[in-house]
Amino acid sequence: MKKGITSVFILRLILLTLCFSCFLFPTSAVAQPSLTPLTLERLQDRLRSPIPSEGTRILDLRRMVIDLRPENAVFRDQFYSLVQAQLQRPGLPLGLDLSYSQIEGDFVISKLGLRAPLYGNALSPIFTPAEKTQLQRDRRRLSRLSTLSQSLLLTPKESLQVPPAQISVFRGPIKLVQSRLTGFADFTNTFFLNRMEAQGIQLPAGADWSQVRFSLPVSFASGNFGREAQFRNSIFFGKAEFSQVQFRGEVNFQSSEFLTTANFNRSVFYQPANFTRVQWHGNVDFAQTRWREQTLFSKDKFNQSLFLTDATFEKAAFFREVQFNRPVNLRGASILDRADFSYSNFSKSAYLNVPGLRFDSDKAKILGDPGQIGRVLSVPTLQSNENLLRELVRNFRRLEQISDANQIDYATQVLRSRQLRQRLLGTNLNTATLIDLTNIGFRKNQATAILDRRATQLFRNPSELLSVNEVDLATYINVRDRVIAAEPLSPLLTFANRLAIAFNWLSLTLLLLLCRDGTSFWLIFGVGLVTVAYFSLLFWFLDRWRRRFPKPILPGWEEFFCVLALATLLNLGGLTAIFRTADRPWMTLSCWAIVTLPTPLFLLILLLRQGRYHSLMETSYFVEEGTLRQLRVLIGRLPIIPREQLFRDRYLPILWNSRWNWLNYFDFSFNNFLRFGFNDIRLRDEYLPGLVTAIVWYQWSLGTLYIALLLWTLSRTIPGLNLLIYFK
């Protein structure tokens, strides 16, 4: 009995000891299968019995310790020769599986592949027609890239080397999953016709993959490159997977080509990374990557979207002379040094999407071509991006790129206008009824859930709709531009608040349409030219088209064509400036028409209906000062002469019969609107219809507002004056 109790006690003690050991060493090597040293006998045995895998045969060298160090030269030479002979046999391609193995010493994979000529038409008869097609499609390109690398990209010492006349070809799949290569790995000048699997590969001494071709998708996910990783002049015909890779040495993908998707998601680059002259034909994913040293993307070509979402650039990132054909997503990215987009080319559909970009203009910089970089920066909403937009404006002002700073400021005001419009016309989630919610796109059960939610807690912003279980993402995206979340107010306060919002929105909309919020001189100048031409025609018609009966007072045909020709010329100049600088030229013209056309035309119709029966019918309404003829700036000028007889003697009626008299109407329009002209032309002060005076004063009032807007625009667009205002 005691013996049994003692045995149970000893067994429990052993179990307790094992549990304690597992607790102290949870990741001990006991949990991992042990590695078997590869001997010549074991290698020959594996060569004689390849295993079937996914429709092909695989040479199984998994979980082996393969010693290829110089001191084991005899085994190394036999390893290369025996494996190469097996891989080159005709028939069904034979793959190589080195997963979970440890290769000690340098590893040269070209010694295992089948040598194929780089030039000429001779190909080994063991290749299938499909394999020959894959080789032929890259042969000419490989030759050109090799010649280019010898002439431009290599160092003088390297340029003396003779380019290889053959490439190493692997017909079967290659697996290096979780493999560890302790020495330098040489994969150069190799064509993988089948898939390449290298997830979790460890290369502490670095590897050279230059001039490698991957015909099918390749994966280096979760790999670790201890030193340099060379992928120069490589081509990825299938998807390239580099997610969660640790690049601890220098990275070089110079002149490589990715024909489909490339994924570098969550990778870390500890040393400088060189991606210059790379051709990216598919989407490129660098989301959540971290770049701790300088990054080069110069002279790249991105045919599809580039994702740099939540990426962190601790040092300079160069995107110089890059061609972007689709959007670049920098949402949530961090720029701690500088990002240089100088001399880059953006297609019509390409832009830099930067909402949530973490960027401090006092420490970092965003560089680009003046007048271009500001136009390609895009922020979809104002909420949560106010500080970013201010930092971008400050960045370009410090770089003295005033046009780009103004473009960012204009984009900010456009977003603010949309926000005001949404607040004015949007449905308030905290006050809307069930019918209101269903009318804007919610289903009945969703609207009921919203009412229940706000009964316990009011909505603070529209994004909180996603916290309601019944509201899905598709519904939120559909209604987010039509809802707001504001505190409930009394009807009187609500009306006053909406009235203030409406005024702010209308005034801001006018500024955006007429002068791009003070950022476009040529737009406001074009609006001024069209206005001057319109009122010039109107004044000429008022003054020269008096009556037809009993004695006509009408202009001649020559004067009619001259006035029409000059007005047309001014209108063409103004419209050209508007259509070249305005984002929405037709909206700008509509806004101009609403402000300028109705009132004068209404007054003109009233004048024509009541007729003109007054003294001095055959004398012009306009008089000019006869003492001086000179270019004048008349800022404080009023449109009607004083009543003092002394002034009446100085001002004489303009001459109707003079050949160039019609120019006086344009001169008066310039004077009255821009306070600038050759002569001081005004209205006479007696026998003057009140409707004519009203039309003139209306233009004068518009001119006062226009001059203020013009001076404000000039102060924001003239570099010297702009810097004096913002950095005084």
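1. Let's start with the pocket. The largest one holds about 1,200 Å³ of space. Keep in mind that this is a predicted model. The lining of that pocket runs to 38 residues, and those nearest its centre are Gln383, Gln422, Pro462, Val483 and Ile484.

2. Who builds the lining? Four elements each put in at least two residues: helix H8 (402–425), strand S46 (427–428), strand S47 (483–484) and helix H12 (491–515). H8 gives the largest share of the lining of the largest pocket, with six residues.

3. The largest cavity has about 80 Å³ of space. Its lining is made up of Leu87, Gln88, Leu94, Leu112, Gly113, Leu114, Val169, Phe170, Arg171, Gly172 and Ile174.

4. On the overall build, the chain has 20 helices and 52 strands. Of its 728 residues, 49% are buried. If you look at contacts with a separation of 6 or more, 55% of them link residues 24 or more positions apart. The accessible surface of the chain is about 36,600 Å², and carbon and sulfur atoms own 58% of that.

5. Strand S48 covers residues 622–625, and three bridges join S48 to S52, the two running antiparallel.

6. Last, a single residue to check. Phe525 sits in helix H13, which spans residues 521–544. Is Phe525 buried, exposed or partly exposed? Its relative accessible area is 32%, so Phe525 counts as partly exposed, given that buried means under 20% and exposed means over 50%. Phe525 can also be placed against Gly573: the C-alpha atoms of Phe525 and Gly573 are 9.6 Å apart in space, while the two residues are 48 apart in sequence.

Technical notes. Residues are numbered from 1 along each chain as its sequence is written. This is a predicted model: local features need pLDDT of at least 70, side-chain atom pairs count only at pLDDT 80 or more; totals for chains, interfaces and linings use all residues. Side-chain values use heavy atoms; hydrogens and water are left out. Buried means under 20% relative accessible area, exposed over 50%, partly exposed in between (1.4 Å probe, protein chains only). Contact means heavy atoms within 4.5 Å. Accessible areas come from the Shrake-Rupley method with a 1.4 Å probe; for residues, only the protein chains shown count as cover. Two strands pair if DSSP finds at least two bridges between them. On a 1 Å grid over the protein atoms alone, a cavity is a set of points where a 1.4 Å probe fits but cannot get out, and a pocket is an open set with protein on both sides within 12 Å along at least five of seven lines; lining residues have an atom within 4 Å of a point. Grid points are joined across faces, edges and corners, and a volume is the space filled by probe spheres set on the points.
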